[in-house]
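Biologist: I'm new to this one. Could you walk me through its pockets and its core?

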Amino acid sequence: MGIRGSLHDALVHINDALARLGDDAPWALADAFRVLGDIHHAIGDIDAAQAAYEKCYAMGWSPEPGQAMLLLEQGDANAAYASLERGLIGQSWWTLQRQGILLAHLAVVAVHAGRLDDAQALIDDLSGQDERWPMPSIRALTNEAASLLARTRGNASEALRHLYLARQLWTSVESRLHAARLRLQIADVQLELGDQRNAGAEIRAAIAAADELGSEMLRRQGRELQRRLV
């Protein structure tokens, strides 16, 4: 619901689930706190997101990749990278089931941490194993990492191409939240290239989606980009 519709409706449902899981399915309680953290983060309530992730971790579960992305947003790319690496340790069902999505996030974080060779190796591995990692979410994140890498290397046009692919993939699974997030990244690159008209259109579309979803985080990012429009 949070990814496709209303974050506040999703918050109501996850809080209702948390109230019942202690009796109905206690084994799922820790993962519910991970989901709660993701919803709070998307809304823009950083303190509540951190508290939920800490509760998840205290109960013996992994709060990744959400906790790492929160650390990245707070400017600590190295801590985010280390957090994701810890999340990939082990042979538990949860680790193996989510390995692809964790590796894709690791590729994104690696670029931010300046570990460009590690990022390239992860991108090559993920993009070269379509049969193993066919999920649109993993392919979208791999394109996001490739875009960041291209931009770091001074190739804004190549970065834009990967962002368009990533947005198409998120849209294909009806992820309005991630599609709006990608619109803002696209606008940022378009502004760098001097394409004010198309950047403005992307920003307006992203802010409209943020309003419908109830994401103050995306609204804030959109307004910051709007201030760069001439």
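Predicted model: local features only at pLDDT ≥ 70, side-chain atom pairs only at ≥ 80, totals over all residues.

Biologist: How do you find a pocket in the first place?

Modeller: Rolling a probe the size of a water molecule over the atoms shows where empty space is left. On a 1 Å grid over the protein atoms alone, a pocket is an open set of points where a 1.4 Å probe fits, with protein on both sides within 12 Å along at least five of seven lines; lining residues have an atom within 4 Å of a point. Points are joined across faces, edges and corners, and the volume is the space filled by probe spheres set on them.

Biologist: Which residues lie nearest the centre of the second largest pocket?

Modeller: Tyr57, Trp61, Ser62, Pro63 and Gly87, out of 13 lining residues. Helix α5 (77-87) and α6 (93-97) each supply at least two of the lining residues, and α5 gives the most, with 3. Helices here are DSSP runs (H or I, at least four residues), numbered from the N terminus.

Biologist: And what is the volume of the largest pocket?

Modeller: About 1,500 Å³. Its lining has 47 residues, with His41, Met69, His105, His178 and Arg181 nearest the centre. Among the elements giving two or more residues to that lining are α1 (7-24), α7 (99-112) and α11 (176-192).

Biologist: Now the core. Which residues touch the most other members of the largest nonpolar core?

Modeller: A nonpolar core is a set of buried Ala, Val, Leu, Ile, Met, Phe, Trp, Tyr and Cys residues joined through side-chain atoms within 4.5 Å. In the largest, with 39 residues, Leu103 and Leu106 touch the most other members. The largest share of this core, 10 residues, comes from α7.

Biologist: Is Leu103 buried or exposed?

Modeller: Buried means under 20% relative accessible area, exposed over 50%, and partly exposed in between (1.4 Å probe, protein chains only). Leu103 has 14%, so it counts as buried. Leu103 sits in helix α7. Leaving aside residues up to four places away in sequence, Leu103 touches Leu88, Leu122, Leu126 and Trp133, where contact means heavy atoms within 4.5 Å.

Definitions and conventions
Residues numbered from 1 in each chain as written. Heavy atoms only, no water.
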